[in-house]
Amino acid sequence: MSEFLRFYGSHQIIPVHQDITDFGDHLARRRWLYRTLGVNRLAFRGASVLEIGPGTGDNGLVYPYLGVSKVTFIEGNAASVATVRDKNAQGLYGDVPVEIVESDFNAVDGLSGAFDIVICEGVIPGQDDPARSVRKVLDFATPGGVVVMTATCYTSMLAEILRRAMRFWQCGTGDPFEEQTAKLARFFAPDLAGLPGMKRLPADWVLDNIQFPFPRNMVFPLQNHLKAVGEDAVVLGTSPSMTVDWRWYKQIDRASEARNDRAAAALALLQPHLIDYRIDAFSPRIGAVTDEIEALAEDVFHAHFDAWSVDGNRDQGIRKVCDLAGRINALIEMEFPQTSKAIKAYRRCFSNPSNPDFRALDDGFREWFGRGQQYIALEKV
Ligand SMILES: C[S@@+](CC[C@H](N)C(=O)[O-])C[C@H]1O[C@@H](n2cnc3c(N)ncnc32)[C@H](O)[C@@H]1O
């Protein structure tokens, strides 16, 4: 059972509610996402769709507008299953026939090759064996069908990991869980209020990003998706859009048809740009330190659990986190000045861990978010 199912199930929560009061905007965002991934509108028309881990089921509300022929949801959290069933009973999926399978998707048999399109969003990183789960997701698709999944890397999660490290400065380890969540939501509300396109409720964001005891395999980069599918699927696109392949189509023969190696190289070159959603220009030199940044960000990930320790090691943990963040700053300072300003503000905040100055965060840290989760679309061969 994945850590998601353990955590969501034990608190009976679905911490992924979005504000979709303007449904037209929601529909436009979903269409934009699919188009960016290389999945055009006609791909959905008449398609059989499988959505794995629908959460609230809100993303699926667009299926009637995309003209899909039927949808199957596989969901392992009882609270989510009840919500999706309820939406279906209310007719919110229109005329689209809906099937809901309550199960861990890794354990579902008998649906091999059954779907034209498989959507699996916010699910793969955090599974017990993400590479195996990627193979399982691909197995549900028919040859020529499309699979959409999400990825994370340590670099893209750095800003959130630094926020997580502050958790027990903002709430007591012994506070009831709901009280912890409320205190953290108040503390991070100004950060979230400044994030353009933020559709999640602050308390849900806190539950999913701060309170959730991220398992060690919470990170599974785009490149690992490509490695996991091998030659059984070909990349169509990513969001953010990060694949580059300069070859002329007449250069292509059957032996060189695959695009995944080219895509993996481009993804590695661009990965440092995931550190901050505000970066919108390509910095060619930063690709030389992709691995160094990712390795240091991984060390921050492991160290942030020390800053959660309930004994006297909390200050030592945050010192280590700040030291590693300083080393990342030295690598990105020239290329990404806004990110550098944010890291410096964080380090100033904790210059004396026994008496942190949280006002220092207002000077550049609070606005900083990474490109947390990335999308990839693949065509099954
Ligand atoms: C982070 S939420 C994402 C929800 C939604 N896809 C979205 O993007 O807003 C992950 C969802 O996947 C479900 N989930 C996670 N692991 C699962 C598994 N192994 N089998 C079935 N459902 C799973 C969770 O219960 C939850 O509904």
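A residue is counted as buried if 20 or more other C-beta atoms lie within 10 Å of its own. In this predicted model, helix α12 spans residues 260-270, and its buried residues are N260, A263, L267 and L270. These residues cover an arc of only 95° around the axis, so they lie on the same side of α12. An α-helix has 3.6 residues a turn, so residues three or four places apart point the same way. The cover over the buried residues of α12 includes helix α11 (222-229) and strand β6 (233-239).

Nonpolar packing was examined next. In soluble globular proteins, nonpolar side chains tend to be buried together. The largest nonpolar core holds 88 residues. Within this core, V118, V147, V148, V300 and V321 touch the most other members. Domain 1 (3-151) and domain 2 (154-209 + 278-362) each contribute at least three residues to the core. Leaving aside residues up to four places away in sequence, V147 touches V118, V137, L138, A141, A233, L378 and K380. A second core is separate and has 13 residues. Its members include F4, I13, F187 and I210.

Around the ligand stand 21 residues. G53, G55, G76, N77 and G122 come nearest. By class, the shell divides into eight nonpolar, ten polar and three charged residues. Helix α1 (3-11) and strand β2 (70-75) each supply at least two residues of this shell. The most comes from α1, which gives three residues.

Methods:
Residues are numbered from 1 along each chain as its sequence is written. This is a predicted model: local features need pLDDT of at least 70, side-chain atom pairs count only at pLDDT 80 or more; totals for chains, interfaces and linings use all residues. A residue is near a molecule or strand if its C-beta atom, placed from the backbone, lies within 6 Å of it. Helices (H or I, at least four residues) and strands (E, at least two) are DSSP runs, numbered from the N terminus. Ala, Val, Leu, Ile, Met, Phe, Trp, Tyr, Cys and Pro count as nonpolar, Asp, Glu, Lys and Arg as charged, and the others, Gly among them, as polar. A nonpolar core is a set of buried Ala, Val, Leu, Ile, Met, Phe, Trp, Tyr and Cys residues joined through C-beta atoms within 7 Å. A residue is buried if 20 or more other C-beta atoms lie within 10 Å of its own, exposed if 12 or fewer, and partly exposed in between; C-beta atoms are placed from the backbone. Domain bounds come from an automatic or database domain assignment. Two residues are in contact if their C-beta atoms, placed from the backbone, lie within 7 Å. The arc is that of the directions from the helix axis to the C-beta atoms.
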